[in-house]
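Here is a walk through one protein model. Keep the sequence and the structure side by side as you read.

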Amino acid sequence: MAEFQEVSKQSGLHPKPAGLVLQYGTAGFRTNAKDLDHVMFRMGLLATLRSKKTKATIGVMVTASHNPEEDNGVKLVDPMGEMVTPTWEGYATQLANAEQEDLLTALKDVIEKEDINMNKQTDSHFYQTFSIINSRHSSASLSQAVLDGVSALGGKSKDYGLVTTPQLHYMVCCQNTQGKYGEATVEGYYKKLCQAFIQLTKNASNCTDDQKHLTVDGANGIGALKVREMESHLKKELHISLFNDGSKGKLNHQCGADFVKVQQKAPTGIEMNPGERCCSYDGDADRIIYYYSDSKGQFHLLDGDKIATLISTFLKELLTQAGLDLQIAVVQTAYANGSSTRYLEDTMKVIVRCTKTGVKHLHHAAQEFDIGVYFEANGHGTVLFSKAAQEKIQQLAENTGTDDERKRAALLLQNTVNVINQTVGDAISDMLLIEAILAIKSMTVQQWDAIYSDLPNRQLKVKVSDRRVIDTTDAERRAVSPDGLQEAIDGLVKKYRQARSFVRPSGTEDVVRVYAEAETQESADDLAHEVSLAVYRLAGGVGGEPKPLH
């Protein structure tokens, strides 16, 4: 077939380094940019096959999110803006790792398994995009490698240029719903979200300019550029002071959501005034973290758990006011702070579901409810509304017989649906929703923070000879192997008040991740250390024994 001859010819221009093995994970492929040219070409091939299989637009995102600027990466976006299915993740790994002479065999294997008709021309376009600011110099050439892969198999492409990862997910969904979800342009994205935000903030009483002010750390990434573009659509309902906007700093260097979460301090380049709301995006703007400093200069972090609590509390109140019987749930991972889980279950009477770590697991679990709120502690998350829930909200909002209080709540819910990017975690969309909720509830960042107090916690890593000796169950909260490890952890946890601990193998390296929380920071640190020792002794630790933290 002519396509395969073209693939052979083009693949020679994108040769694979012999012996290099990469794994398609939750974030797609991500590594040093110099090792990615062949991967990008092959993901262009795979995206074209996926487009033919689904008869739909498929997105390809060239990004390495919060990684250092010398890295890059790529991930595929499925027709409804969701992550690609696990089976196709496997195909991605298979294609990326096929040695040069075996590429056509690997490609034909996917075509055969998926029964793809290569002769039939589909009307579907395959869309490709890349997201950079000047600091990721590799993106332009890597993006071209993707386009080469698309054209080699006769696919069509449209290059959206510089967009955030969530904007691409959004536009793929718009394209495949024939515009029902929104207009498949960046401008359409701004209009939909900002109009909904402005409608929401009309319900805020007497907001001062101070209350409308937000300091944003753009991580020297694409999000900074896009917030600047969006500002005019906000019509002064939100005043943004933008720092780390890419004009001088390095991408994700001493800034961004990951830095703030891990280091528990403000990013470089931001001067924080006491009580002032600040937030940080990550490099490709799909995560957001809030924070502030108090009058004593102490730093306070509001992570994904605090965000999920704020949003679910707001939605629960609106559902009650609207008289709508819809099931709302918050989906967390084992890393969620125990205080947030207790508050949601005991005080808010909201269903809490725990899943394995990884956004795709949370997204899937959230789809089981009328309204599913999910956030990882790192600030990656969104809200999903079932089709039935959206229809009930719309009917109530449009019903002329609805009384004023119920109608107001229904309209607020309707605009909340429209300000949310349901396809994926989106820092810009989440920021607008959080700002609207705080304004409507006349709530300061300190009052939000005071909803509950986080239990002190500690995360550690233990190097082992083979991480596969650790096997877990109960959404990674309990270890089933090696023998004796869970019993040891249970015994250690009993020594401390309000304590819990779990261990899980890393998805990428031979380390075991240890999490512990307890009533005091000293107890959390001691528990984490003791569990690390148990892992080291029972799961084949390498190097010296873990040292105490104090």
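Cys278 is buried, with a relative accessibility of 0%. Buried here means under 20% relative accessible area, exposed means over 50%, and partly exposed lies in between (1.4 Å probe, protein chains only). Cys255 is also buried, at 2%.

This is a predicted model: local features need pLDDT of at least 70, side-chain atom pairs count only at pLDDT 80 or more, and totals for chains, interfaces and linings use all residues. Residues are numbered from 1 along each chain as its sequence is written, and side-chain values use heavy atoms, with hydrogens and water left out.

How many disulfides does the structure hold? The count is zero. A disulfide is called when two cysteine sulfur atoms lie within 2.5 Å.

Now turn to the domains. The domain assignment, which is automatic or from a database, gives domain 1 (2-162), domain 2 (188-302), domain 3 (304-427) and domain 4 (457-538). The centres of domain 1 and domain 3, taken over C-alpha atoms, are 34 Å apart. Six residues of domain 1 and four residues of domain 3 make the contact, meaning heavy atoms within 4.5 Å.

How much area do domain 1 and domain 3 bury between them? The value is about 470 Å², with 62% of it on carbon and sulfur atoms. Buried area is the accessible area (1.4 Å probe) that two parts lose on being put together, summed over both.

One salt bridge crosses the interface of domain 1 and domain 3. The rule asks for a side-chain nitrogen of Lys or Arg within 4 Å of a carboxyl oxygen of Asp or Glu. The side chains of Glu89 and Lys360 form a salt bridge at 3.0 Å, N to O.
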